[in-house]
Amino acid sequence: MLQWLDIANLRGVVHGAIQGLSPLSILTGRNGCGKSTILDAALLLLAENGDLGALSRVIGRRTPRSDIGKPYLIPFGRPATIKIEGEFAASQQTLEIVCGARGPTETPRRKPAGGWSFPGVALLGIDREDANDLDKAFAAVADQGASAVLRLEELIQHAFPEVTRILTRVSEGAQRTYVSFVVPDGSFPAHLAGDGVQRLFLTACAAATLPAGVLLMEEPECYQHPANMTLLAKVLVDAVRSGTQVILTTHSIEFVDRILSASSNNAKRLLEQVTVHLVGLHAGQLSARTIQGGDAIEARKTVELELR
């Protein structure tokens, strides 16, 4: 489990840390307070042998296509070294990325170079996913066998009863395969479904394929009907019960309520494994106040004020 992060010179964060990360960590706070930067830092630190790939993902997530290569990674566009430190499974590591005026100038460096046990890690942002993301996600579930696919189908059917099966089909000309949702009147490619359907599908796939890994999520409640928010909270709590660490951002007190409720109702009393982090950013200094799950219910008014 990722236990803490110390961040320097990443996006708008000149320096700051977040402590006490838990199996299910909820990051709240105003727009521009550094929540997404915390997810970016976690992705960069935890990505196995994929520093450059993770770096490209972080740059591309919030950089206009016409501005790729400009210094969106560092505060104020000044040359600096991004430094991310963290602890996972009782092992500490530091990642350094030297950046010039137009972006990274060197391959990211890790200290120590060896000895880090990389978990699986996935980041689900709020950007609309493309068809390849859906296909890869389902393929990872299918690799686990028919029972994993059946569980995924049951979940999707709870939210969207008209979907009877999920299949992989071959396009005309056999140029590629794609995920298809089967409904009573036929079937249609998953990438033509609504944003809420795609979002829930990707979340369920990631939760099913990251045992002992870390799932990073940006505003998972986006695009979801209130009833589906309840289902989504249950999916995330079940993932934590299965050993996945979930770190998410949200602006919704209603979604926080649903997570706390799902954690309270869980037979393993997972509420003690939930933390709410009130994130702030002042003059480039990142701060985070941590509230334990049981206390979050009592301190709901404080959390709600942060989200109103």
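This is a predicted model: local features need pLDDT of at least 70, side-chain atom pairs count only at pLDDT 80 or more; totals for chains, interfaces and linings use all residues.
Student: Is Arg11 buried or exposed?

Tutor: Buried means under 20% relative accessible area. Arg11 has a relative accessible area of 10%, so Arg11 counts as buried.

Student: And what does the side chain of Arg11 reach?

Tutor: For a polar contact, look for a pair of N or O atoms within 3.5 Å. Here the Arg11 side chain gets to the backbone oxygen of Val58, at 2.3 Å.

Student: Let's zoom out. How many helices and strands are there in the protein chain?

Tutor: Nine helices and 15 strands. The chain has 308 residues, and 54% of them are buried. As for contacts between residues at least 6 apart in sequence, 64% join residues at least 24 apart.

Student: What about α6: how many residues does it have, and what do its buried ones pack against?

Tutor: α6 has 16 residues and reaches 23 Å, close to the 22 Å expected. Among its buried residues are Met229, Leu232, Leu236 and Asp238. The buried residues of α6 pack against β3 (24-28), α4, α5, β12 (214-218), β13 (245-249) and α7 (253-265). Just after α6, look for Gly243, which takes a positive phi of about 110°.

Student: You listed α4 there. At what angle do the axes of α4 and α6 cross?

Tutor: The axes of α4 (residues 146-159) and α6 (residues 226-241) cross at roughly 155° and come within 9 Å. Angles over 145 degrees count as roughly antiparallel, so α4 is roughly antiparallel to α6.

Student: Which residues make that contact?

Tutor: From α4, Leu155, His158 and Ala159; from α6, Asn228, Leu231 and Val235. Sorted by class, the contact of α4 with α6 has four nonpolar residues, two polar and no charged ones. Asn228, Leu231 and Val235 are also on the list of buried α6 residues.

Methods: Residues are numbered from 1 along each chain as its sequence is written. Side-chain values use heavy atoms; hydrogens and water are left out. Axes are lines fitted to C-alpha atoms, for helices over the stretch in contact, and angles run from 0 to 180 degrees between N-to-C directions. Helices (H or I, at least four residues) and strands (E, at least two) are DSSP runs, numbered from the N terminus. Angles under 35 degrees count as roughly parallel, over 145 as roughly antiparallel, 65 to 115 as roughly perpendicular and the rest as oblique. Contact means heavy atoms within 4.5 Å. Ala, Val, Leu, Ile, Met, Phe, Trp, Tyr, Cys and Pro count as nonpolar, Asp, Glu, Lys and Arg as charged, and the others, Gly among them, as polar. Buried means under 20% relative accessible area, exposed over 50%, partly exposed in between (1.4 Å probe, protein chains only). A polar contact is a pair of N or O atoms within 3.5 Å; within protein, one must be able to donate a hydrogen and the other to accept it, and residues adjacent in sequence count only if both atoms are side-chain atoms. The expected span of a helix is 1.5 Å times one less than its number of residues.
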